[in-house]
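Visitor: Could you take me on a close look at the pockets of this protein, and at what lines them?

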Amino acid sequence: MSETKSQAQLLKEQLFYKAQNTYNALSDEDISAAYDYAEGYKKYLDAGKIERECVKESIKMLEADGFTPYTFGMPVTAGGKYYYNNRGKGLSAFVIGTESIENGVYFAASHIDSPRVDLKAHPLYEADGLGYLKTHYYGGIKKYQWTAIPLALHGSVVKADGSVVDIVIGEDDSDPVFYIDDLLPHLAADQMKKPMKDAIAGEQLNILSGSKPFERNLPEGVKLNIMKILYDKYGMTEADFISAEIAAVPTFKARDVGFDRSLIGSYGHDDRVCAYPSLTALMAVKNPQHTIMAILADKEEVGSDGNTGMQSVMYFDVINDLARTFGVSDIVVRANSKCLSSDVNAAFDPNFPEVSERRNSCFVNNGVVITKYTGAKGKSGTNDASAEFAGYIRNLLDAKGIVWQTSELGKIDQGGGGTVAKYIAKHNIDVIDLGVPVLSMHAPYEVVSKTDVYMVHKALVAFFGA
Ligand code: MN
Ligand code: MN
């Protein structure tokens with residue numbers, strides 16, 4: 001039976017914007033490919049919970065694909081695949097294009113640090129027979145969410161003799177875990193009256209770490225016993241905490257969420273959910289025309305500062321150095337470069353519709369999300385990509401059949417946030433945010449959709465292959 005569409009209906013189809021859902025728009029093959037892709041992503045999530053581990057895991061992937069270490073000034077050739085390791089905490093991986101670098105570098109920038117709880121320089125103490133570690137939280141967390149869950153310690157210690165020891169305790173099922181205690185509801189009458197942000201204070205995020213003394217009736221016996229265990233296992237003394245970076249992260253492994261396994265739950269999707277696709281896309285595009293690059297930056301969650309954060313000139317030194325190698329002005333190379341700041345956005349949450357403006361929100365399973373501007377309080381502190389660059393990306397995604405959507409970060413004046421985009425744009429580079437909608441962003445366990453993650457991979461393949 002055929003049905004004639006009214007003129008109004010046809011006009012609506014022609015003129016109105018219609019959001020797409022991956023489960024309507026994608027082929028069965030693509031949906032199946034998305035589920036397969038998620039298996040590799042989950043392994044990457046579990047292998048790297050802090051930036052140092054992500055760098056190691058990423059280098060492992062890159063070397064298996066033929067990438068070799070880059071040093072400033074070294075000769076490079078078209079088709080050559082290289083990576084620059086920034087102090088073990090950041091990474092630039094790139095493939096030299098077949099055409100002149102004068103036409104710009106096409107790169108994706110994501111970050112591999114996630115919110116967590118870091119140990120202080122003097123962390124270990126004993127109180128009322130219990131051993132604790134003092135912490136200073138890292139990034140934007142809701143502190144109450146980090147209590148009463150199993151935690152693992154990850155990091156590196158530089159000892160007095162200069163040797164480095166890497167620590168991971170709590171990930172193996174046979175490992176002990178760590179824990180931040182919270183008040184029982186029975187005695188929480190005063191705590192429950194506090195605003196949520198004050199329910200747990202920063203100085204209460206102390207990690208329970210032991211309770212057995214070194215010997216009977218010994219003052220600070222629990223602390224001594226812990227120190228002795230650390231000395232026996234890692235050769236470290238209390239002073240070595242000063243030259244250490246140790247973070248407490250949730251022990252949770254990446255798991256499928258839901259009866260239909262369509263979602264992935266994990267610690268730190270933000271922003272490994274973009275870091276991983278940037279690597280897989282970089283490796284998928286063979287003999288690119290442009291020089292293409294994946295930047296995995298550190299410190300985004302605390303403002304992109306420091307020499308491993310995206311504000312460091314190091315990431316641009318690599319581009320400038322390549323320009324010099326080819327005898328081209330780095331000013332020209334950057335002016336012609338294009339960047340996708342690959343980071344997450346807040347998915348519309350049906351449990352909290354009041355914080356979002358539905359018409360300008362991103363939805364789980366509606367594909368990769370383009371965010372033209374982030375910021376807060378009247379678009380302050382944002383890159384705000386040009387209409388021209390937004391148009392370029394939009395057309396590219398449409399041409400490749402990639403399901404995409406666009407979003408702001410919540411309702412006006414509800415809060416806000418930023419990404420690395422503005423730190424790249426100031427180098428005279430066109431940049432726009434592109435990533436994945438996340439539920440419960442910055443919680444110890446976040447959720448994303450498998451089809452959305454796969455769309456980021458496909459979007460970056462399209463961008464690198466352009
Ligand atoms: Mn992020
Ligand atoms: Mn974040």
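Guide: Gladly! The largest pocket is lined by 44 residues, and A346, L409, G416, M441 and H442 lie nearest its centre. On a 1 Å grid over the protein atoms alone, a pocket is an open set of points where a 1.4 Å probe fits, with protein on both sides within 12 Å along at least five of seven lines, and lining residues have an atom within 4 Å of a point. This is a predicted model, in which local features need pLDDT of at least 70, side-chain atom pairs count only at pLDDT 80 or more, and totals for linings use all residues. Residues are numbered from 1 along each chain as its sequence is written.

Two elements give two or more residues to the lining of the largest pocket: β16 (345-346) and α12 (421-425). Helices (H or I, at least four residues) and strands (E, at least two) are DSSP runs, numbered from the N terminus. The volume of the largest pocket is about 1400 Å³, a volume being the space filled by probe spheres set on the grid points, which are joined across faces, edges and corners. Because domain 1 (13-114 + 267-464) and domain 2 (116-250) both give residues to its lining, the largest pocket lies between them; the domain bounds come from an automatic or database domain assignment. By class, its lining has 15 nonpolar, 20 polar and nine charged residues.

Now for the second largest pocket, with a volume of about 400 Å³. I169, F178, S209, I229 and L230 are the closest to its centre among its 22 lining residues. α7 gives the most to this lining, with six residues.

Note on methods. Chains lettered and ligands numbered in written order. Heavy atoms only, no water. Nonpolar A, V, L, I, M, F, W, Y, C, P; charged D, E, K, R; others polar.
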